[in-house]
Amino acid sequence: MADKNGFFDLSKKELSRRTALKGIAAGTGLALAPGFVRYSQAQSSAPIKIGFQLHRTGIGAAYGRWYEKTSAAAVKAINDAGGIGGRKVELVIEDDGTDPARGAEVVAKFAKQHKTDIVFGTLFSHVVIGSAPAAGENKIPYFVVSEGHHVASTKLNRYVFQPGITDVKSQIQSMAPWIAANAGKKVTQIFPDFAFGYDHRDYLPPALKAQGADVIAQIAIPPTESSFTKYFPQIPAETEVIYHVMVGPAVLTFVKELGEFYGSQRPQLFGFIDSLEAVDINSPGLEFLDGSHFWEGSPRYAQPDDSAAQKAYRAAVGIDDNGAAVGDPKDVSTAAHMFGCWETLYVVKKAMEDAGYKGPEDRAKLVEATEALKEFAEGPEHPQGPKSFNGKIHQCFGIQNISKVEGGKLKVVHKTKIEDGLYEPEGDYTTQAL
Amino acid sequence: MRDASPAKTYALHVGVIALLFVLNFVLPDYHQGLFARIMALAVFAMGYNLLFGYVGLLSLGHAMFFSAGLYGAGLTVYHLGWGVPEAFVAGVACGALLALAIGLLALRTSGVAFMIVTMMFAQVFYLLILYFAAWTGGDQGLVIQQASRVISIGGASLDLTNSTVRYMNALALFSVVLLITLAIVRSRFGRVLVAIRENEERTKMLGYDTVANKLAAVVASGAICAASGAAYALLFGYVGSSFASVQYSILPLLWVLLGGAATTLGPLVGTLFMYYVTDIASGFTSAYLLIVGVALILLVLFFPKGILGTIRERWLGWLP
């Protein structure tokens, strides 16, 4: 194209007033154009994208639904209060089918396709373990809400954190003093014959021993079992406490058959609410549990001494006093675990703000800032209770609740201390390269 | 299979390998990673296809061969600290030995009984993995640390967690197995296998030892599937029992049926298709398995012999 008017003629020295005005007008117009505004603010106010690895389908779906509700409520609360470092937060959801192979693909998809800032939200242990290598290779911080001991075992990698929920080793250890002092000294364990059960099999006996109590029998039940009566004669007659952690759909049959086996004369029962998460405690067949005790991470039922923060959290997530969805009493929540999503997102907020996080180039800084965290005070950001955080093993420690089934509700009868759940670190992630 | 000029056939296969090589430099990051996974799993499908497509033996237990490779490689790295090449060989050897043992027993049956027997053996294998949780990590599985996934040759080292190195390793395995299967199906041995599929009695009458040939096919199939499993453990760093579950026995059958049974490239096409339908559909709805199901039904209706099988039947009779 010929430059007939000498527009590009750099030899023209004079700049006419008209030309100057045109230039200023064009420059101003460009600066005010919506596209330009968006571009110039991209670094400072584009939303922080959190990849939510969700168990929307597969065996984790009941938990997944409530993890999604809780996370959405937390993100709304964070955004209403100004976001993270002044930037809005956006959840990008991918379903992992509760499958470890798909989980790893989803983490890679977040890192490379969605280009999220972090990945968050995984519950099932095998999915966490299967996805952890992908998080490490893509150098994307991976905040899980799994309660498994795998993070704290330091067998994963430096990019994996569990700052919003305690791990099962700590939970079991915290239960031992109360069981030994209040339920009995001779304990028989009944657990499913897979990893979740093995944690209880391995960590409870030493914890009880330290309290002067003993596990006198351990009964592992194959995961495919649908009837349990044949196992009950293995329970020693001198058993004072049955410690049960059966999970899955068979739990109703398990409780019913245990009731038929013992009738009205039964030992004390102590269980983990994992068995009955998202299950109505008043379901037919569960009457036998009346008077028994359960571990709960966060109480399902509203308690008389609930803090204002706990009340606000329950209202924000949309659960009623019975721990079911507001307006649908049959839709029972996974209250004992899902608070971890809420608290983890607030830990992410704190760590990002501490790190002065701007974008994916600051992921290493975010890892270090998270490792530097020490304490989370009880309050709106941590409604379950206060926590301490060990940056070397990427795991938080907190209080646990022991609740009694009374009149078809779970009533908290004891709260443990943070110290009850502390143990010697098994390694140190901070020695790994970033 | 009609007579084909070997040049055309080899050109097609080398062309596919060349295309996959070029894709490494063209594909966006995420898809590069996905393709590496697809190639590693296509090897699994190729191993399955050798037995199902060419011999006509429908196994519902191939997850055990895949996971024999997965654990054979993974556990030697995790517990014994073996290097990547030795671990890979250990994985393949585990698969081949297991296939030999299972073949000797399962080949006493045929048809539906063969399906059931292989499925039962796979279930036993799966439960053994759970039973020996202290070594296998049970249902949670084990992570192979990044530091263990480095191949050291002389002074140089290849980090399998690097996306390009991983892609190239997956491609190398895929290419070798593709050319081996092509050579097998074009060989005398391959023709005997097809003859067994078409009419075992007649093949016997012609003087062939059909049991020995079938056993050789089971071992070759098991070894190839184990190679896929071993590669998967070493390339992606996770070893878990879900890979031994019945789902992973059904998946290669599905991939092969989709791509075209008894076609050398069908397993790749089927795996690629299933992966992308799942990946794209899951972006739109949580009912993505429904979409996958509808896609499968449509394929069965309009491509009853799988994508490449139908193409071969209608247009390209020379496809191997």
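Okay, let's start in chain A, with an open sheet of 3 strands that runs in the order S13-S14-S15, paired antiparallel. Look at the two ends of that order: S13 (375-376) and S15 (395-398) of chain A are the edge strands, each with a single partner, so one side of each has no neighbour in the sheet. Before I go on, keep in mind that what you see on the screen is a predicted model.

Let's zoom in on one of those pairings. S13(A) is joined to strand S14, residues 387-390 of chain A, by 2 bridges, and the two run antiparallel.

At the S5 end, strand S4, residues 142-143 of chain A, pairs with S5(A) in the parallel sense over 2 bridges. Which residue of S5(A) is the bridge partner of A:Tyr142? That's A:Val160.

Now let's step back and look at chain A as a whole. How many helices and strands does chain A have? There are 11 helices and 17 strands. Of its 434 residues, 48% are buried. And if you take the contacts in chain A with a separation of 6 or more, 69% of them are between residues 24 or more positions apart.

Chain A is also split into domains. Domain 1 covers 45-166 plus 337-398, and domain 2 covers 169-296 plus 403-412. The C-alpha centres of these two domains of chain A are 31 Å apart. Where they touch, domain 1 of chain A puts in 8 residues and domain 2 of chain A puts in 7. What's on the domain 1 side of that contact? It has 4 nonpolar residues, 4 polar ones and no charged ones.

What do they pack against? Just after H9(A) comes A:Gly318, with a positive phi of about 95 degrees.

One more residue in chain A, and that's A:His414, in strand S17, residues 409-415 of chain A. Is A:His414 buried or partly exposed? It has 15 other C-beta atoms within 10 Å, so A:His414 counts as partly exposed. Leaving out neighbours within four places in sequence, A:His414 is in contact with A:Trp178 and A:Ile402. For a sense of scale, A:His414 and A:Pro133 are 281 residues apart along the chain, and their C-alpha atoms are separated by 39 Å.

Over to chain B. This one has 14 helices and 4 strands. Its radius of gyration is 19 Å, close to the 20 Å that the globule rule gives for 320 residues, so chain B is as compact as a globular protein of that length. Along the principal axes, the C-alpha atoms of chain B fill a box of roughly 55 × 45 × 45 Å. Buried residues make up 48% of chain B. Of the contacts in chain B with a separation of 6 or more, 76% link residues 24 or more positions apart.

Strand S2 (residues 150-153) and strand S3 (residues 156-159) of chain B pair antiparallel over 4 bridges. B:Val150 stands opposite B:Asp159 in S3(B). The hairpin has 2 residues between the strands, and B:Gly154 takes a positive phi near 60 degrees.

Last stop: where the chains meet. Here 21 residues of chain B are in contact with 27 residues of chain A. Which helix gives the most to the chain B side? Helix H2 (residues 29-55) of chain B, with 5 residues. By class, that side of chain B has 7 nonpolar, 11 polar and 3 charged residues. Okay, that's my tour!

Conventions:
Residues numbered from 1 in each chain as written. Chains lettered and ligands numbered in written order. Predicted model: local features only at pLDDT ≥ 70, side-chain atom pairs only at ≥ 80, totals over all residues. Rg over C-alpha atoms; globule rule 2.2 N^0.38 Å. Buried ≥ 20, exposed ≤ 12 C-beta atoms within 10 Å, placed from the backbone. Contact = placed C-beta atoms within 7 Å. Pairing = 2+ DSSP bridges. Domains from an automatic or database assignment. Nonpolar A, V, L, I, M, F, W, Y, C, P; charged D, E, K, R; others polar.
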